[in-house]
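Subject: Structure handover

Hello,

Here is the structure I promised to pass on. My notes on it follow below.

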Number of protein chains: 2
Amino acid sequence: MTLVTASPLPRKRATVHDVAREAGVSRGTISRMLNGDGYVSADARERIEAAIRKVGYVPSTTARNLVRQRTNAVGFVVHEPHALFLEDPNIGAILLGANEALSEADHQMVCLVVGSERDAERVGRYLRGGFVDGCVVVSAREHDPITAVVRAAQLPVAFVGHPPDLQDMSWVGIDNVASAHEITSRLLATGRHRVAMIAAALDRDSGADRLAGFRQALGDRFDAGLVARVEHYAYSDGVRAMTELLDRAPDVDGVFAASDALAAGALEALLRAGRRVPQDVGVVGFDDSAWATRCTPPLSTVRQPAEGLGRAAARSVLAQIAGEQRAPAAILLDTPVVWRASA
Amino acid sequence: MTLVTASPLPRKRATVHDVAREAGVSRGTISRMLNGDGYVSADARERIEAAIRKVGYVPSTTARNLVRQRTNAVGFVVHEPHALFLEDPNIGAILLGANEALSEADHQMVCLVVGSERDAERVGRYLRGGFVDGCVVVSAREHDPITAVVRAAQLPVAFVGHPPDLQDMSWVGIDNVASAHEITSRLLATGRHRVAMIAAALDRDSGADRLAGFRQALGDRFDAGLVARVEHYAYSDGVRAMTELLDRAPDVDGVFAASDALAAGALEALLRAGRRVPQDVGVVGFDDSAWATRCTPPLSTVRQPAEGLGRAAARSVLAQIAGEQRAPAAILLDTPVVWRASA
DNA sequence: TTGAAAGCGATACCAG
DNA sequence: CTGGTATCGCTTTCAA
């Protein structure tokens with residue numbers, strides 16, 4: 001640890017008052033100018049601009065927020081950061097999509113990370129306390145405290161995904177059942193007979209629905225013994241599940257993994273077991289994340305429009321803030337199948 | 001898109017005033033109670049609590065921030081989100097570390113993403129406008145507008161990494177030169193003679209320093225022809241660079257990649273070229289990210305204490321806010337070498 | 001076109 | 001222990 005120089009004198013922030021005195025006008029005039037209400041003489045405008053530069057004035061966001069009763073900021077609430085920011089490749093894209101949409105509307109996205117009980121409580125306070133005008137919530141689970149808070153606060157909100165207790169709040173998502181059904185069918189169409197699934201996150205709708213779609217696609221051929229259940233969508237879970245599956249059913253010739261990361265793990269396990277993909281076993285994933293193309297062979301998968309989800313959620317919140325969208329809506333985005341070499 | 005139900009009536013928020021009237025006490029008493037200054041009779045306390053519940057009172061963060069002249073929130077500013085949130089595995093861990101430290105101090109972390117000019121301008125406004133009490137900045141480049149803003153605002157700040165124009169602001173980081181030197185030496189010690197490097201992000205200190213350390217370790221044996229330069233720390237860059245390197249110098253028997261993602265890409269290219277790792281070519285990476293263990297063979301690498309960086313940065317900011325740490329400091333964290341099977 | 005004044009919703013000091 | 005009052009920094013009628 002190295003010390004470098006001494007700290008500078010802490011100068012006090014300039015206020016409208018200072019600018020007013022300096023420019024010889026009233027604070028009202030300054031405010032009007034800054035907020036573009038027109039009706040400011042060229043003369044006054046000039047003097048104010050000079051004064052602002054001279055005293056180094058920057059309006060106080062806080063004071064402005066208080067009087068306007070709005071912040072022009074929208075929260076982006078993320079849960080379980082460990083599982084998400086570090087493992088889920090979608091979260092970053094969703095965040096980017098949301099930021100883009102908000103930026104276009106000149107709103108500030110403030111991302112709030114909930115990593116503990118304590119965080120949940122504090123984030124709740126900020127949310128209800130008017131720190132933001134609305135928020136996007138990703139990966140809420142059932143009975144999520146955040147869900148309760150935004151409902152109680154009647155805050156404009158859009159969820160990404162739909163926990164069962166959303167009631168009358170808006171959400172955006174994809175049709176997990178249909179997507180899983182489709183890709184499973186495609187896999188079956190390659191002539192596989194013993195198709196397994198690596199299912200994950202069954203306590204969330206995404207996980208449960210993908211399993212449901214898989215089951216639906218198999219119909220009579222569904223064999224519960226060919227479903228490996230794991231906790232997370234992670235690579236290591238995929239390795240473990242596939243190893244177990246090979247053990248249980250050595251004749252397996254097809255696998256639908258509930259995420260690309262899981263599929264990549266499965267690939268690794270298959271490789272270790274000496275199986276060739278796609279010759280011996282066909283593998284398909286879900287997400288079309290970076291995993292899909294970095295695997296060997298590249299994964300056939302379902303494209304999850306992550307950025308689009310973020311954008312749509314943000315737009316929904318903005319519409320609610322603007323008072324346009326009155327009724328809660330459920331927005332489903334398309335999920336094209338991307339067919340590559342793994343099946 | 002499905003419409004669900006009608007929206008509820010927008011009730012107005014209760015204020016201290018309402019609670020005061022309801023409980024028959026003055027607003028001062030309520031404030032004292034809420035802010036734990038003691039000195040509130042059991043009787044008053046009870047009536048206030050009841051009143052709060054009854055009118056559904058939640059203090060306004062905004063109003064409180066204004067009068068207190070502090071928000072108890074710290075910004076976490078991220079640049080170039082595409083490169084970072086989607087590619088850099090460290091950013092998530094840094095964010096988590098920072099959040100953890102802030103949470104312990106009961107401060108709210110608000111993550112602000114700068115994805116465009118417009119974002120930079122807006123984030124600058126929020127930062128200077130007192131939206132947060134201080135901030136952590138990751139991945140600032142030279143002449144970064146954010147750097148200028150925090151300097152001008154004299155905002156308590158800690159950078160993760162150190163762009164050259166930091167002047168007297170605090171930062172936390174690692175010794176990239178020494179780390180690169182060490183792992184290169186270890187690689188050489190395995191008996192390699194033609195050791196190449198895949199260098200990236202040479203416009204940032206991390207990238208340039210890793211190259212410098214590599215060069216230093218090689219001394220006389222340094223051969224500029226064995227350095228492949230790429231833009232990003234990404235997997236695909238690694239594949240490309242390694243392919244090129246094999247082309248240029250087929251006798252290469254060792255590679256130091258400036259990140260694990262690059263190393264993973266290199267592994268892929270080597271595999272394709274029919275080289276065995278570590279028998280024919282030894283490969284080492286940097287970061288000790290998830291890449292390192294998910295590769296085959298797992299990577300020998302340098303552990304970058306990402307969470308620790310986030311925590312340290314956050315602590316530094318907190319100390320500055322508390323007025324403890326007056327002088328700017330440079331904090332370097334340790335980077336142990338993690339030796340696995342790839343070299 | 002501009003100034004004066006009334007809030008926005010809390011906190012904090014000061015008598016009592 | 002508690003109530004009154006000034007204040008935080010800005011926006012926004014309302015007259016002039």
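A residue is called buried under 20% relative accessible area, exposed over 50% and partly exposed in between, using a 1.4 Å probe and protein chains only. This is a predicted model, in which local features need pLDDT of at least 70 and side-chain atom pairs count only at pLDDT 80 or more, while totals for chains, interfaces and linings use all residues. Residues are numbered from 1 along each chain as its sequence is written, chains are lettered from A and ligands numbered from 1 in the order in which they are written, and side-chain values use heavy atoms, with hydrogens and water left out.

Aromatic rings

Rings of Phe, Tyr and Trp (its six-membered ring) pair if their centres lie within 6.5 Å; planes under 30 degrees apart count as stacked, over 60 as edge-to-face and the rest as tilted. Over all chains, the whole structure holds eleven aromatic pairs. One is the tilted pair of A:F214 and A:F256, with 6.1 Å centre to centre and 35 degrees between the planes. This pair links distant parts of the chain, 42 residues apart: A:F214 is in helix 10 (residues 205-218) and A:F256 in strand 9 (residues 254-257) of chain A. Helices (H or I, at least four residues) and strands (E, at least two) are DSSP runs, numbered from the N terminus. A:F214 is buried at a relative accessible area of 0%, and A:F256 is buried at 0%.

In chain B, the pair of B:F214 and B:F222 is edge-to-face, because the planes stand at 75 degrees with the ring centres 6.2 Å apart. B:F214 has 1% relative accessibility and so counts as buried. Ring pairs also join A:Y126, A:F131, B:Y126 and B:F131 in a cluster.

A charge sits over a ring if NZ of Lys or CZ of Arg is within 6 Å of the ring centre and within 35 degrees of the ring normal. A:R210 lies over the face of A:F286 at 3.8 Å from the ring centre, and B:R210 lies over that of B:F286, at 3.8 Å.

Cores

A nonpolar core is a set of buried Ala, Val, Leu, Ile, Met, Phe, Trp, Tyr and Cys residues joined through side-chain atoms within 4.5 Å. The largest has 164 residues, and those touching the most other members are A:F76, A:I198, A:M242, B:F76, B:I198 and B:M242. A second, separate core of 48 residues includes A:M169, B:A73, B:V110 and B:F159.

Between the chains

Contact (heavy atoms within 4.5 Å) takes in 70 residues from chain A and 70 residues from chain B. The buried area (the accessible area, with a 1.4 Å probe, that two parts lose on being put together, summed over both) is about 6000 Å² between the chains, and carbon and sulfur atoms give 52% of it. B:Q108, B:F131 and B:R294 supply 10% of what chain B buries against chain A, more than any other three residues.

A:E268, in helix 12 (residues 260-272) of chain A, is buried at 11%. Its side chain makes a polar contact of 3.2 Å with that of B:T296. A polar contact is a pair of N or O atoms within 3.5 Å; within protein, one must be able to donate a hydrogen and the other to accept it, and residues adjacent in sequence count only if both atoms are side-chain atoms.

Regards
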